Amino acid sequence: MTDYIFIISNGEEIPIIFEARRGLRNITLRPKITPKREIHISKPILISVSSAIKFLEQKRKWLESIFMNAPQKISIKDGDTVEFLGKKVLIQHNSAEKSNFYSKNSRAGENILIIGGTSEMLTHRVRDFVKNEFLAEVKKIIKTVPSEFHPKKVAIRDTTSRWGSCSSTGTISFSWRLAFAPTEVMRYVIMHELAHTKFMDHSVHFWATVSKLYGDGVGRAKLWLIKNGHGLHKYF
Ligand SMILES: [Zn+2]
């Protein structure tokens, strides 16, 4: 059943998904933010939908705070301009194309990204394009530092809690959403993780290494992430 919606105070309609389960003793609410904004309700079979809705209303304040604090994602349409990796990119959908590529017709300072395939796949394809470009850019930036700092492997992730991580096995991972950050901030996170290949802690030696690799402005980049980091999740 998906015919119910929960309307939050800014007017957004959130679909409610019911699930009746045998053996369940209580109603449980699970607000979901990704990949879709939905409220999942599991209820014992003998509890009516209207009782479950009543229960949901009692939790309105809590539910609203969750959806208001995680703003709706911006969806991508043909003709939108998206800024990533320091470039402003105009998205042009062309269903006659099979792949995604930068148009040769781009003039100076203008990037036109042709996205092929069906229009339903547009957002998905843009996301994959950004991810791939991000990984390529990370690898390029890593090449600018001495090879003693090079990791065994570079991976991309989509974590909300950390921008980068370094494992004891020598793999460093980055949130690909850093692609939407200023390039200097992205470079800071990379240098931070590369410094972890030598120091697994946040000691004085570690920070001295970060400064050596990154140069001036470490504090500025850190502050930018604290203040604006949540905004990097606004797309997709
Ligand atoms: Zn660290």
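**Legends to the close-up views**

**View A. Arg-177 is buried, at 3% relative accessibility.** Buried denotes a relative accessible area under 20%, exposed one over 50%, and partly exposed a value in between, computed with a 1.4 Å probe on protein chains only. The model is predicted, so local features are given only at pLDDT of at least 70 and side-chain atom pairs only at pLDDT 80 or more, whereas totals for chains, interfaces and linings use all residues. Residues are numbered from 1 along each chain as its sequence is written, and side-chain values use heavy atoms, with hydrogens and water left out. Arg-177 is joined to Asp-158 by a salt bridge whose closest N and O atoms lie 2.7 Å apart; the term requires a side-chain nitrogen of Lys or Arg within 4 Å of a carboxyl oxygen of Asp or Glu. Arg-177 belongs to the loop between strand 11 (171–175) and helix 4 (183–196), and Asp-158 to the loop between strand 9 (153–157) and strand 10 (164–166), so the pair ties together parts 19 residues apart in sequence. Helices (H or I, at least four residues) and strands (E, at least two) are DSSP runs numbered from the N terminus.

**View B. A salt bridge connects Arg-60 and Glu-64 within helix 2 (residues 60–69).** The distance from N to O is 2.8 Å. The two residues are four places apart in the helix, which means a separation of about one helical turn. An α-helix has 3.6 residues a turn, so residues three or four places apart point the same way. Arg-60 is partly exposed at 24% relative accessibility, whereas Glu-64 is buried at 13%.

**View C. The side chains of Glu-19 and Arg-21 meet in a salt bridge of 3.5 Å, N to O.** Both partners are partly exposed: the relative accessible area is 35% for Glu-19 and 39% for Arg-21. A search of the whole structure finds 11 salt bridges.

**View D. Three histidines coordinate the zinc ion.** The donor atoms are NE2 of His-192, His-196 and His-202, at 2.0 Å. Donors are N, O and S atoms within 2.8 Å of the metal (3.2 Å for Na, K and Ca); water is not among the atoms, so sites may look incomplete. Along the chain, the donors follow the spacing H-x3-H-x5-H. His-192 and His-196 lie four residues apart in helix 4, about one helical turn, and both are buried.

View E. Strand 10 pairs with strand 11 in the antiparallel sense over three bridges, pairing being counted when DSSP finds at least two bridges between two strands. Within this pair, Cys-166 has Ile-172 of strand 11 as its bridge partner. Contact means heavy atoms within 4.5 Å; axes are lines fitted to C-alpha atoms, for helices over the stretch in contact, and angles run from 0 to 180 degrees between N-to-C directions. Buried residues of helix 3 include Phe-129, Val-130 and Phe-134.

**View F. An open sheet of four strands has the order 1-2-4-3 and mixed pairing.** Strand 1 (4–7) and strand 3 are its edges, each pairing on one side only. From one strand to the next, the twist averages 30 degrees. Strand 1 runs antiparallel to strand 2 (residues 13–21), joined by four bridges; Ile-7 has Glu-13 of strand 2 as its bridge partner. Strand 3 (residues 28–32) and strand 4 (residues 38–44) are also antiparallel, joined by five bridges, and form a hairpin with five residues between them. Here Thr-28 is paired with Ser-42 of strand 4. Helix 2 lies across strands 1, 2, 3 and 4, at about 20 degrees to strand 3.

**View G. Ser-103 is placed in the loop between strand 7 (100–102) and strand 8 (111–115).** The residue is buried, with a relative accessible area of 14%. Leaving aside residues up to four places away in sequence, Ser-103 touches Ile-112 and Ile-114.
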